[in-house]
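I opened my notebook to look up charges and strands. Here is what I wrote down as I went along.

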Amino acid sequence: MSLKRSFWLSAIILLSLTACQPVQSPISMTKPAQIETLSSELSGQYREAAEEYAQLALTNDGAEQAAYQLKAAQMYWQSGQVEQSQQSLEQIKLSLLHPSRRYEAAILGANIALFNSDGERALKALSNVQEKDLAAQNLKSVLKLQADAYTLTGNWLEKANTHLKLEKILTDADALKNNREALWQALMQMTPQALDLFNPGYPPAEDSGWFALAYNIKAYQDNPEVLAVALEDWKRSYPNHPADPALYQKTLASGTHIPKDINNIAVLLPHSGPFVEAAKIIKDAIIAAQYVSGSTAQLHFYDIETDAISGQNNVLTQYDAAVAEGASVVIGPLQKSSVETLATHPDLSVPVLALNRTDDEQTYKNLYQFGLAPEDEAVAVATYAKQLGYKRSIVLAPSNDWGQRITSAFTTQWRKEGGSTLIVSNYNEAENDFRDTLIPLMGLNESEQRYKSLQGTLGRSLDFEPRRREGVDFLFLVARPLKARQLVPQLKYHRSGQLPLLATSHVYSGQADPQQNIDLNDLVISDIPWVFEELASEDPVYQSLKNQSPENFTSAIRLYALGVDAYKLIPQLNTLSRDPTSSMEGATGSLSINALGHVTRKMRWGKFEQGELKLIK
């Protein structure tokens, strides 16, 4: 359940806490200030109740005023007026509140912070609550809020410890089951080293058993024989431990198993056709990566032929041939149609790391799909914008299939992040003057209409300076390098001003050319680590390929990086395919494998300054 979807549930909990759950207090002899409960609140008219309590706060002072301010904040929260609730809460002088009401204020503050996805603020709101003074029900509420806050902050150790505390006070079977699943997911986010270092006890303590079990799964999941021995040892050390084997058996059942010592790697690439140049670059990258690694495994390349008329290809035949000749793992194919054909194979007995993706959302056993999908970058832009605190976007994209795919991926993810898109404008890539697109996009026509209306009303001329639309936090630009260098200056001419401009890597050719790229100044983009010299210069494979092909290295850098990462992913597949929280730092980004078997990339961010792409640290 998302935090915002749990808004009303939290509100109901908060109301019940307020009405029915007095807390134990060390100052039990002190009574809370007596204030009036309004009929509007009792009848569920929370919006009206909030306004009335706010008025009562103005006509009282001291402890009564603070109590009325808290009631107003609670009623605003009940009515869904989150911003007003927070403003009312911030007005309260907490020292004037009775301890029981300070607890209510802390709970409300934490709920508001979680609603705004601000984990740190939620933890701060709860920081003064004394857990030892709380009744069991109130302690559960605090711990659950803390667990949600730790999820937002990524503090998996404290989240796990919080669920361990809940484990000791929960009594309902379903609540215990849900808590153990959440505890397990938190432990699975930690590294084996952290699980070992922060194990809170010794056998046979339950808390210690959770950490020890998670350690075994994380440390040995890609070595089934060792893991089986470790689990038997764990069972002897922690008899009667409440961990349900189903929690970790699902993890063990997933993923692939590639032998530690690989002698034969098959690579399926076209030797002719429209993708041959890309295939040559990827082949060179794979060979360079293997050479630098010092591996003695043999690389065997298989030609993937595709009939230009029928679209039929020989990928199934070539895969079977590779398996018959002893391949332990397969890299490729490159073309989407070939990947789709290979996905129909009835038995992919040898794992495949394809260099493209199918369009469906199916999971295929032993088929892992890796590519430079532009949709991934669009999703990354939406996520990054959310991290920056943006809420409203406008989109500028070409009016073709490529532009629509990226726009769709962005707007879908942006909605999931809670953002809104005010307008999507499309431009014709064949044009060079985008005035007719940019004026309405920036709202300048509306500004001019307002000016003409005012001029008509007053009957005289006025000084006029058009203003772009308000209430926009950033513009998402979809463009290739040439169009980007035309659009960014024209956007500035049409009053984009300080409006942040975000884009995918497609706006940048990869070639450092400050004179040409100065038109991209202030544009923020995502890109692969290898585009940033300061991140890549120490990589021996990067240096090898750069020296080997200095004339076209930068223009093809992303394909080189794809080939290198495909090779480097092979020894990581056992772990990454079982644990979506694990990652590998690669040339194309920080790589993980999701539940669909897709290799996902977390890239870096840069900003153009004086025509040069500067890494945002």
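Predicted model: local features only at pLDDT ≥ 70, side-chain atom pairs only at ≥ 80, totals over all residues.

I found a negative surface patch formed by Glu-36, Glu-48, Glu-51 and Glu-52. I looked up one of them, Glu-52, and found its place in helix H3, residues 46-58. Glu-52 is partly exposed, at a relative accessible area of 35%.

Next came the salt bridges. Side chains of opposite charge can pair when their charged atoms come close. My search of the whole structure gave 23 salt bridges, and I picked out a few.

Glu-41 and Lys-71 meet through their side chains at 3.0 Å, N to O. Glu-41 sits in helix H2 and Lys-71 in helix H4, so this pair ties together parts that are 30 residues apart in sequence. I then asked myself: is Glu-41 buried or exposed? Glu-41 counts as buried, at 11% relative accessibility, and Lys-71 is buried too, with 12%.

Asp-522 and Lys-492 form another salt bridge, at 3.5 Å, N to O. Here Asp-522 counts as partly exposed at 44%, and Lys-492 as partly exposed at 36%.

My last pair was Arg-558 and Asp-527, with their closest N and O atoms 2.8 Å apart. Arg-558 is in helix H26 and Asp-527 in strand E10, 31 residues apart. Both of these residues, Arg-558 and Asp-527, are buried.

Finally, I turned to a sheet. Three strands make an open sheet in the order E11-E12-E13, with antiparallel pairing. E11 and E13 stand at the edges with a single partner strand each, so one side of each has no neighbour in the sheet. Two bridges join E11 to E12, and I noted Met-584 opposite Leu-591 in E12.

Note on methods:
Residues numbered from 1 in each chain as written. Heavy atoms only, no water. Patch = residues over 30% accessible without salt bridge, like charges linked within 9 Å, V, L, I, M, F, W, Y side chains within 5 Å. Areas by Shrake-Rupley, 256 points an atom, 1.4 Å probe, with all protein chains shown as cover. Salt bridge = Lys/Arg side-chain N within 4 Å of Asp/Glu carboxyl O. Lys, Arg positive; Asp, Glu negative; His and termini not counted. Charge placed at Lys NZ, Arg CZ, Asp CG, Glu CD. Helix = DSSP H or I, 4+ residues; strand = E, 2+ residues; numbered from the N terminus. Buried < 20%, exposed > 50% of the residue type's maximum accessible area, 1.4 Å probe, protein only. Pairing = 2+ DSSP bridges.
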